[in-house]
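Here are my notes on the model you sent over.

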Amino acid sequence: IRPHYSRKAGKMGRVVLWLLLLALLPAYAQETYDWIVVLGAAQYGGRPSPALERRLQAALHLFREGRGRRIAVAGGKAPEDLYSEGEVGCRYLAARGVPEEALFCETRSRSTYENLLFLKPHLEGRLLLVTDAPHLPRALFLARLLGLEAEGYPVPGNYPLGYWAKEALYRLWLYLGLRPQGVFSSRFNASRQPSKRARSISARRRLSSSAASWRSLSLAAWAS
């Protein structure tokens, strides 16, 4: 008798688990967006980095499932690079069957903030941001600051603790009222950052001159 009840309980447990998973599915699983937006990550010699490829594969999967009508890929290039992240991403998607008319390539931005800022004039309607899970909260925060109607798709992965910690610090930087174009903004300028002392002085000056107004915008966006 006991094995019978054990098997029955196991089946009931699996049913309950599936019901919970279905109840917790995010809104994007049932909706269609005007744009799927792939945020920038590195490219190497015209080929997407593993991080960028994960994002592109997620966007391609969402597009094929009908979750978005078009795909925008954002990201510029370092001075020594021949290709931008945006064009590499668009070429990757086009080679896998996404029609040219369903693609938009942004090729000038150098940070998450610029990804969204430079895309804003070209995108209308509801957006689904596709990026790494640790990066997504900051991306959504910035999208709200810019007045974009955006939700997020977190690309799963085995991300190191340091990545999560770094993103938490970036968000703290924003919560303190510092502008996104500040010290932590660009992937392409790491080798040309000013000295630690210069960064500290610059940060204090920006904080004293603009923190109050920017903080009010940040809090309003976060609360909305």
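1. A word on labels: helices (H or I, at least four residues) and strands (E, at least two) are DSSP runs, numbered from the N terminus.

2. Some housekeeping before going on. This is a predicted model, in which local features need pLDDT of at least 70 and side-chain atom pairs count only at pLDDT 80 or more, while totals for chains, interfaces and linings use all residues. Residues are numbered from 1 along each chain as its sequence is written, and side-chain values use heavy atoms, with hydrogens and water left out.

3. Staying with H5 (residues 136–145), have a look at what is tucked away there. Leu 136, Arg 138, Ala 139, Phe 141, Leu 142 and Ala 143 are buried (under 20% relative accessible area; exposed is over 50%, partly exposed in between, with a 1.4 Å probe and protein chains only). Ala 139 of helix H5 has a relative accessible area of 0%. Beyond four places in sequence, Ala 139 touches Leu 39, Thr 112, Leu 116 and Leu 129 (contact means heavy atoms within 4.5 Å). Leu 129 is 10 residues away from Ala 139 along the chain, and their C-alpha atoms are separated by 7.8 Å.

4. Next, the partner of H5. Helix H4 (residues 112–119) packs on H5 at an angle of about 40°, with the axes 10 Å apart (axes are lines fitted to C-alpha atoms, for helices over the stretch in contact, and angles run from 0 to 180 degrees between N-to-C directions). The two are therefore oblique to each other: angles under 35 degrees count as roughly parallel, over 145 as roughly antiparallel, 65 to 115 as roughly perpendicular and the rest as oblique. Thr 112, Tyr 113 and Leu 116 of H4 meet Arg 138, Ala 139, Leu 142 and Ala 143 of H5.

5. The axes of H2 (residues 50–64) and H3 (residues 85–94) come within 10 Å and cross at roughly 45°, which makes H2 oblique to H3. On the H2 side the contact uses Leu 52, Glu 53, Leu 56, Gln 57 and Leu 60, and on the H3 side Glu 85, Gly 89, Tyr 92 and Leu 93.

6. Now the inside. Which residues touch the most other members of the largest nonpolar core? Of its 26 residues, they are Ile 71, Leu 93 and Val 98 (such a core is a set of buried Ala, Val, Leu, Ile, Met, Phe, Trp, Tyr and Cys residues joined through side-chain atoms within 4.5 Å). Among the elements that each supply at least two residues are strand E1 (33–38), strand E4 (68–74) and H3. H2 gives the most, with seven residues. Leaving out residues up to four places away in sequence, the contacts of Ile 71 include Trp 35, Phe 63, Leu 93, Val 98 and Phe 104. A second, separate core of 19 residues includes Trp 35, Tyr 113, Leu 119 and Phe 141.

7. Last, a loop residue. Ser 49 sits between strand E3 (47–48) and H2. Is Ser 49 buried or exposed? Ser 49 is buried, with a relative accessible area of 3%. Setting aside neighbours within four places in sequence, Ser 49 is in contact with Ala 41, Ala 42, Gln 43 and Tyr 44.
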